[in-house]
Amino acid sequence: MERINTFLGRHVWAQVLLTVLLGWAVIMLMSPGEPPLVVLTRAAVTSAGAVAVLLVLRAREKRTAHGSADRLVILDRQLRRGEIPSSPTDQEAMLNLVEQRLHRTRHRGSALVALYLMYALLVTVLLLLGNVRQALVCGLLGAVLLPLLTWQGGRQLRRLRDMRETLRRGTGGPRLGQE
């Protein structure tokens with residue numbers, strides 16, 4: 001798993017390709033009669049928003065990490081493992097990265113509620129329109145993916161908070177201008 005994370009972290013094009021292929025697979029499950037090339041084109045177009053968000057967030061994180069994609073991958077790996085960087089510069093970059101990610105998660109609870117409600121509404125509308133197959137695929141995906149996303153997000157949030165506290169203790173408490 002570590003090799004996959006490192007590869008995807010270094011090669012944004014692979015993340016884009018994975019996003020498009022995943023979108024293609026979901027659309028093919030929901031609409032099996034459509035030509036695969038048409039579905040692939042639609043998946044690519046609808047994935048454009050996700051790709052744009054991914055690229056913007058990645059650029060911000062690279063700036064926060066004060067370096068390249070490789071440096072960001074190293075800091076991210078250390079964060080996942082709970083390792084404290086050895087140099088003060090890397091510790092500062094890690095703390096900045098953690099603070100940025102925690103800031104992005106500040107509306108996590110309300111976003112999860114909205115996501116669950118949107119998914120329930122989508123399945124309900126599909127059922128009301130008589131698209132039983134699409135409702136079933138969406139319902140199954142939601143029943144599996146939403147709890148998994150909730151659990152994984154909570155795990156990541158705890159990891160970020162623990163790392164922030166560890167780095168603050170190790171670097172003399174909160175930085176000037178923080179809290």
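Student: What makes the largest share of the nonpolar patch, and how many residues is that?
Tutor: Helix 2 gives the largest share, 3 residues. Helices here are DSSP runs of H or I with at least four residues, numbered from the N terminus. The model is predicted: local features need pLDDT of at least 70, side-chain atom pairs count only at pLDDT 80 or more, and totals for chains, interfaces and linings use all residues. Residues are numbered from 1 along each chain, and side-chain values use heavy atoms, without hydrogens and water.

Student: Which residues make the nonpolar surface patch?
Tutor: F7, W13, L17, L21, L37 and L40 make a patch of about 610 Å². Helix 2 (12-30) and helix 3 (36-64) are the elements that give two or more residues to this patch. Patch members have over 30% relative accessible area and no salt bridge, and nonpolar side chains are joined within 5 Å, like charges within 9 Å. A salt bridge is a Lys or Arg side-chain nitrogen within 4 Å of an Asp or Glu carboxyl oxygen. Areas are Shrake-Rupley values with a 1.4 Å probe.

Student: Why is F7 called partly exposed?
Tutor: Buried means under 20% relative accessible area, exposed over 50%, and partly exposed in between. F7, in helix 1 (residues 2-10), has 39% relative accessibility and therefore counts as partly exposed.

Student: How do you know that the buried residues of helix 6 are on the same side?
Tutor: The buried residues are L112, V123 and L126. They cover an arc of only 65 degrees around the axis, so they lie on the same side of helix 6. The arc is taken from the directions from the helix axis to the C-beta atoms. On the other side, V113, L117, M118, L121 and L128 are exposed.

Conventions: Buried means under 20% relative accessible area, exposed over 50%, partly exposed in between (1.4 Å probe, protein chains only).
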